[in-house]
Protein chains: 2
Amino acid sequence: MVPSAAPGRWDGTEVMPYKEEGSAPFRDVTRQKLFAGGGDLDVELRYFEVGPGGYSTLERHQHAHLVVVTRGSGTVVVGSEVRTLGLHDLVHVPPLTWHQFLASPQEPLGFLCLVKVERDRPERPSAEQLAEIQSNPVVGAVVRV
Amino acid sequence: MVPSAAPGRWDGTEVMPYKEEGSAPFRDVTRQKLFAGGGDLDVELRYFEVGPGGYSTLERHQHAHLVVVTRGSGTVVVGSEVRTLGLHDLVHVPPLTWHQFLASPQEPLGFLCLVKVERDRPERPSAEQLAEIQSNPVVGAVVRV
């Protein structure tokens, strides 16, 4: 068992950088690994927290995400959709779908994110792909790169 | 995306009985299926809510559980351990480990529970197994059958 002593914190669980600084566009994101797989569950459970005004990298990959918001609020871009996010909202990111999580300006966005242990590396959009993503006015108004 | 309009409720998601009434010992438990697998994620995400003073069935199975508390408080029995549960506590139930979730007397216990889509059926303790489980004084003081 891994007790949670405070919102977004778990006993004995290290708060890590989201990614190496400068390796990809993102702002104010931390990562924690809560479960690394076990029994017949070949999945990892991570917790990401995006600080107020921060955002994850706009990316896509073959593996899927299952996300449950557990703290704060924000916005998510999944493919051609933009949705506001609040407590306990569930997001499924299908394979090869561009996605980005953005915290609200006033508060953090914290979410559990499930992935397979064995998974491919994220891909970032080329200039051409980015132009296409941004050509959707709803998405273009929200994504940060 | 499946938005959550209220604690323990998700849009378009049916609140179902935990199990058929009388099929096994339990008290005041509901079940919701939030994710049925998709992409490379061959897992189901369910939400269980145990009413104040209620409890799930004491059982075990080959498949593992990964649980995150998202509402209220209670107690969990996992093997020879008894732990109190609060918001965002994480519980891993390993294969073939007797377990039971109990809500506190004053408030419900709501939790997300992850399992493989393909999994074996739960097993309930025989009279002999139950006697052995209850011979542990810490566990015996808590389990309900």
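**Exercise 1.** Which residues does R124(A) touch, not counting residues up to four places away in sequence?

*Solution.* The model is a predicted one.
Step 1: R124(A) sits in the loop that runs between β9 and α1 (127-134) of chain A.
Step 2: list the contacts. With residues up to four places away in sequence left out, R124(A) touches S23(A), A24(A), P25(A), T57(A), L58(A), W98(A) and Q129(A).
Step 3: take one of these partners, L58(A). R124(A) and L58(A) are separated by 66 residues in sequence, while their C-alpha atoms are 6.6 Å apart in space.

**Exercise 2.** State where T13(A) and G110(A) lie, and decide for each whether the residue is buried or exposed.

*Solution.* 
Step 1: T13(A) belongs to the segment before β1 (16-17) of chain A. Its relative accessible area is 17%, and the cut-off for buried is under 20%, so T13(A) is buried.
Step 2: the contacts of T13(A), not counting residues up to four places away in sequence, are V2(A), Q32(A), K33(A) and L34(A).
Step 3: G110(A) is part of strand β9 of chain A. G110(A) has a relative accessible area of 0% and is therefore buried.
Step 4: under the sequence exclusion of up to four places, G110(A) touches Y47(A), F48(A), E49(A), V68(A), V69(A), T70(A) and R71(A).
Step 5: for a sequence separation of 32 residues, take G110(A) and V142(A), whose C-alpha atoms are 18 Å apart.

**Exercise 3.** Describe the aromatic pairs of the structure, and work out the geometry of Y18(B) with F48(B).

*Solution.* 
Step 1: over all chains, the search of the whole structure gives 10 aromatic pairs.
Step 2: the ring centres of Y18(B) and F48(B) are 5.9 Å apart and the ring planes meet at 85°; planes over 60 degrees apart count as edge-to-face, so this pair is edge-to-face.
Step 3: the pair links distant parts of the chain, 30 residues apart. Y18(B) is in the loop between β1 (16-17) and β2 (27-35) of chain B, and F48(B) is in strand β3 (residues 43-55) of chain B.
Step 4: Y18(B) counts as buried at 12% relative accessibility, and F48(B) counts as buried at 6%.
Step 5: in chain A, Y18(A), F26(A), F48(A), F101(A) and F111(A) form one aromatic cluster.

**Exercise 4.** How many residues does each chain give to the contact, and about what area do chain B and chain A bury between them?

*Solution.* 
Step 1: chain B contributes 36 residues and chain A contributes 36 residues.
Step 2: the two chains bury about 3,000 Å² between them, with 68% of this on carbon and sulfur atoms.
Step 3: on the side of chain B, M1(B), H88(B) and L90(B) lose the most area to chain A, together 25% of what that side buries.

**Exercise 5.** Characterise the largest cavity by its volume, lining and residue classes.

*Solution.* 
Step 1: the count is 1 cavity of 30 Å³ or more. The space in the largest cavity is about 120 Å³.
Step 2: the lining consists of L45(A), L66(A), V68(A), L112(A) and L114(A), together with L45(B), L66(B), V68(B), L112(B) and L114(B).
Step 3: β4 (65-72) and β9 (109-116) of chain A, and β4 (65-72) and β9 (109-116) of chain B, each supply at least two of the lining residues.
Step 4: the lining divides into 10 nonpolar residues, no polar and no charged.

Key. Residues numbered from 1 in each chain as written. Chains lettered and ligands numbered in written order. Predicted model: local features only at pLDDT ≥ 70, side-chain atom pairs only at ≥ 80, totals over all residues. Heavy atoms only, no water. 1 Å grid on protein atoms, 1.4 Å probe; cavity = no way out; pocket = protein on both sides within 12 Å on 5 of 7 lines; lining within 4 Å. Points joined across faces, edges and corners; volume = space filled by probe spheres on them. Helix = DSSP H or I, 4+ residues; strand = E, 2+ residues; numbered from the N terminus. Nonpolar A, V, L, I, M, F, W, Y, C, P; charged D, E, K, R; others polar. Phe/Tyr/Trp six-rings, centres within 6.5 Å; stacked < 30°, edge-to-face > 60°. Buried < 20%, exposed > 50% of the residue type's maximum accessible area, 1.4 Å probe, protein only. Contact = heavy atoms within 4.5 Å. Buried area = accessible area lost by both parts, 1.4 Å probe.
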